[in-house]
Amino acid sequence: MKKKEKKINRRQFVKQTTKGFVGVHMASILPASLLAASGFTSAEASSFHGVCYHDCPDSCSWVVKVQKGKVISFGGDKANPFTAGKLCGKMDTFPQDITYHSDRLLTPMKRVGKKGEGKFEPISWEKAIQEIGNQLKETIKRHGSESILSHGYMGTQSLVQKSVMSSRFFARMEASVISHTICGGAVIPANFQVNGTVMGVLPEDMVHSRYIILWGTNTKNSNIHQWPYVLKARKSGAKIIVIDPFVSATAKEADWHIQPLPGTDVALAMGMINIMIDEGLVDQDYIDNYTLGYKDLKEHVKSYDPKSVSDICGLQEEDIIQLAREYANGEPSLIRILVGIEHNYNGGDGTRAVAILPSLTGAWRKLGGGLMHLTFEMGGRALNWERLSYHRQMPTQPKRKLNMVQIGQILNNADLNPAIKSIFIFNSNPMVTTPNANLTKKGLEREDLLTVVLEHFMTETAKYADYVFPATTQLEHWDIGDSWGQVYININQPAIAPLGEAKSNSEFFRLMALEMNYTEECFEESDKDIVKSAFDSDHPYLEGIDFDYMQKHGWARYKIPEPFLPHADGNFETASGKCEFISPSRGLPKYKEVSYTNEEKAKYPLQLLTIKNTKGFHNSSHANIKHLQQKEGRLRLDIHPEDSNARNIQNGDELMVFNQRGKVLLKAKVTKRTRPGVICMPHGFWPSLTKGGQVSNNLTDDRLTDIGGGAALQDCRVQVTKT
Ligand SMILES: Nc1nc2c(c(=O)[nH]1)N[C@H]1C(S)=C(S)[C@@H](COP(=O)(O)OP(=O)(O)OC[C@H]3O[C@@H](n4cnc5c(=O)[nH]c(N)nc54)[C@H](O)[C@@H]3O)O[C@H]1N2
Ligand SMILES: Nc1nc2c(c(=O)[nH]1)N[C@H]1C(S)=C(S)[C@@H](COP(=O)(O)OP(=O)(O)OC[C@H]3O[C@@H](n4cnc5c(=O)[nH]c(N)nc54)[C@H](O)[C@@H]3O)O[C@H]1N2
Ligand code: SF4
Ligand SMILES: [Mo]
């Protein structure tokens, strides 16, 4: 009886937290269907601080104005010096495009058709949670808790809705969870192996660089607020080099574009090192004091002579030599990397090889010199993780980690012990964003699999769910926007009440916990309290910055001691304290040819890149938004004239790209932006909105990278024909 009383209270509490935070009234201009959360009265316009939730290095600060419960204006916060009041084209119209979109999911739904058919009928929250709870209890009894898999990823990278409550829930359950490997899976551990950190040169310090290599990153498209710093540096005399197998938007703007074959960065970097050592262009003093493994490296790189590297990378020997000399003589030189290097079999060693370069030349000694990679360690140090990561202190923990890159294999593997019987998918769209999607489809079609999806829209993945729950958007919940590409922290205040019956991810897991009789107090913590506690920190990076400060200002730059020269005197965070050219476990970085059978090579002679070179989509997000679709046009295949001529393909022809895993129908774009033998299709399109119903990841291979179990997405062989 006592428990029941508590249950009712907790349910009421959850309802209260949904409504009680905002104190404004849903405007009458909203469609009636969106007025479910009415009851608020103030007619005054109010202003709220927020931050973009996308998995993006920029983490833009925004300001939302609300009147009568409806957003009346939305835009970047001009006061933030880094994001400077400018959101990208896909987020300028976010409230209309996502929050108020007429296709948005606003009630829980239960499947009535076949899996994947997309036929659902509304169900109440209470009933749906109860039904799922009953099934979970039965599943745990029969197959064990590990048979339940949490597939939560970075659809929102804001810290609370990303994982706080879900992590507690799945730790308490002792379920299986996915490891986050699809992005950064190889580059992060690889850079950690070399430098012991991924935190290098600060984004703003790029203005001090005089030789900038944007190595496998499309800054102008993927990291737009870094681009002004590239231009500022150029104005002060910097030369801008882009290393990319494709003529990206960024490569078009470069002073020099180097276009190697994909997956060969490790050979290129080793070739540069060979030349730099040979010509005495290294900083011997820096090497002697702060690095490990130089003698071995010197021997090792001899096999990466300009001729061999030229053959592997498909580059001119003179270019490799010139690049090595210019880089070594840069005053100072900076290498910017994100994830372009990692999405192939050699991605880990490619990253290690590139990460070695700044220590060979002692570039770290000067402001603007070194490697610029990721900044998430700033928030990792500054914020109070006791509550954010409370799940780590729980007495029970997830029992098993499974690699998200191979979700198709996992769902189809009856021999897994135990096999997966239920999957919770939130903040992710694996049917579009993870490789070998036809295998994933087969897994999600299993009748004995209970699939629960939390989403904004009926995505390709949601269509396979047994239950779909309407998730709140960033305008409707509390959160914290930490960044992996710059050094500002943001608060996200809920600006409007959740539309319809939407609830935040946290709220869903609170209700689910209640249903499972998980009575621990941690399931009662409100999102606001979690946000509050995160800023309760005495770390010097947050000096003078607390919850009240954040509520007032919205964002803050970490108080980092400057000039920030993390490795001017070594201080690497590796076990040896040195920059580790050689890894105790992996030895020196090596180029390895990707293995394909002769049959594969003959049948599928072209290498397919599926990169994020769309303007309007963010991974698969926004690909259902009409005006952004129009901007993007139809799915296209960039193909070099040599390859199109060999197949009698003309610009605009209807094509089929295919391999043993899938086939995609699209339109030919004959262009010299690719190299002969390499074709390119943009990633992010929704299968159901595309002719033929298959897209990039229906073709890609779920093979893993050499380090970290990342996704070798770009190691994908295909053939092309006209249809
Ligand atoms: N507009 C837009 N912006 C985004 C995103 C988006 O979907 N759309 N996604 C966000 C996310 S999740 C991320 S992780 C970041 C990623 O940002 P970036 O790291 O810039 O990522 P990508 O666009 O995947 O790849 C960058 C470039 O790497 C090149 N490349 C591919 N293979 C190789 C290789 O083997 N070697 C080299 N040197 N280059 C290679 C590609 O041709 C591409 O131009 O962008 C974020 N920003
Ligand atoms: N072929 C190919 N594949 C790739 C890549 C590539 O370059 N090429 N890039 C890879 C990279 S770098 C990445 S990061 C991944 C990204 O893969 P995903 O994280 O799967 O990316 P999205 O497609 O944006 O899907 C995120 C989903 O989360 C939902 N979402 C957003 N906010 C919330 C919320 O608050 N609650 C809930 N419940 N849902 C929310 C969105 O509606 C969206 O459908 O894709 C990878 N896949
Ligand atoms: S997607 Fe990136 S650039 Fe666009 S608004 Fe969000 S954080 Fe800014
Ligand atoms: Mo990513």
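Q: A charge sits over a ring if NZ of Lys or CZ of Arg is within 6 Å of the ring centre and within 35 degrees of the ring normal; over the face of which residue does Arg717 lie?
A: This is a predicted model, in which local features need pLDDT of at least 70 and side-chain atom pairs count only at pLDDT 80 or more, while totals for chains, interfaces and linings use all residues. Residues are numbered from 1 along each chain as its sequence is written, chains are lettered from A and ligands numbered from 1 in the order in which they are written, and side-chain values use heavy atoms, with hydrogens and water left out. Another charge that meets the ring rule belongs to Lys503, which lies over the face of Trp125 at 5.3 Å from the ring centre. Arg717, at 4.9 Å from the ring centre, lies over the face of Tyr596.

Q: How many aromatic pairs does the model contain?
A: Rings of Phe, Tyr and Trp (its six-membered ring) pair if their centres lie within 6.5 Å, and the planes are then called stacked when under 30 degrees apart, edge-to-face when over 60, and tilted for the rest. With this rule, the number of aromatic pairs is 26.

Q: Is the pair of Phe424 and Phe509 stacked, tilted or edge-to-face?
A: A pair of aromatic rings is described by the distance of the centres and the angle of the planes. For Phe424 and Phe509 the ring centres are 6.4 Å apart and the planes stand at 45°, so the pair is tilted.

Q: How far apart in sequence are the parts that Phe424 and Phe509 tie together?
A: Helices (H or I, at least four residues) and strands (E, at least two) are DSSP runs, numbered from the N terminus. Phe424 belongs to strand E15 (residues 422-426) and Phe509 to helix H20 (residues 505-515), so their pair ties together parts whose separation in sequence is 85 residues.

Q: How do the residues of the shell around ligand 3 divide into nonpolar, polar and charged?
A: A residue is near a molecule if one of its heavy atoms lies within 4 Å of it, and the residues around ligand 3 are Cys52, His54, Cys56, Asp58, Ser59, Cys60, Leu87, Cys88, Lys90, Met91 and His618. Ala, Val, Leu, Ile, Met, Phe, Trp, Tyr, Cys and Pro count as nonpolar, Asp, Glu, Lys and Arg as charged, and the others, Gly among them, as polar. The shell therefore divides, under these classes, into 6 nonpolar, 3 polar and 2 charged.

Q: Is Tyr464 buried or exposed?
A: Tyr464 has its place in the loop between strand E16 (450-455) and strand E17 (467-470). From Met431 it is 33 residues apart in sequence and 9.3 Å apart in space, C-alpha to C-alpha. Because its relative accessible area is 4%, Tyr464 is buried.

Q: Is the peptide bond from Asn417 to Pro418 cis or trans?
A: Pro418 lies in the loop between H17 and E15, and Leu416 is found in the loop between helix H17 (407-412) and E15 as well. Leu416 is buried, with a relative accessible area of 19%. With omega near -5°, the peptide bond from Asn417 to Pro418 is cis.

Q: Is Asn571 buried or exposed?
A: Phi of Asn571 is near 55°, which is a positive value in a residue other than glycine, and its place is in the loop between E20 and E21. Asn517, whose phi is near 65°, is partly exposed with a relative accessible area of 34%. For Asn571 the relative accessible area is 52%, and therefore this residue is exposed.

Definitions and conventions:
Buried means under 20% relative accessible area, exposed over 50%, partly exposed in between (1.4 Å probe, protein chains only).
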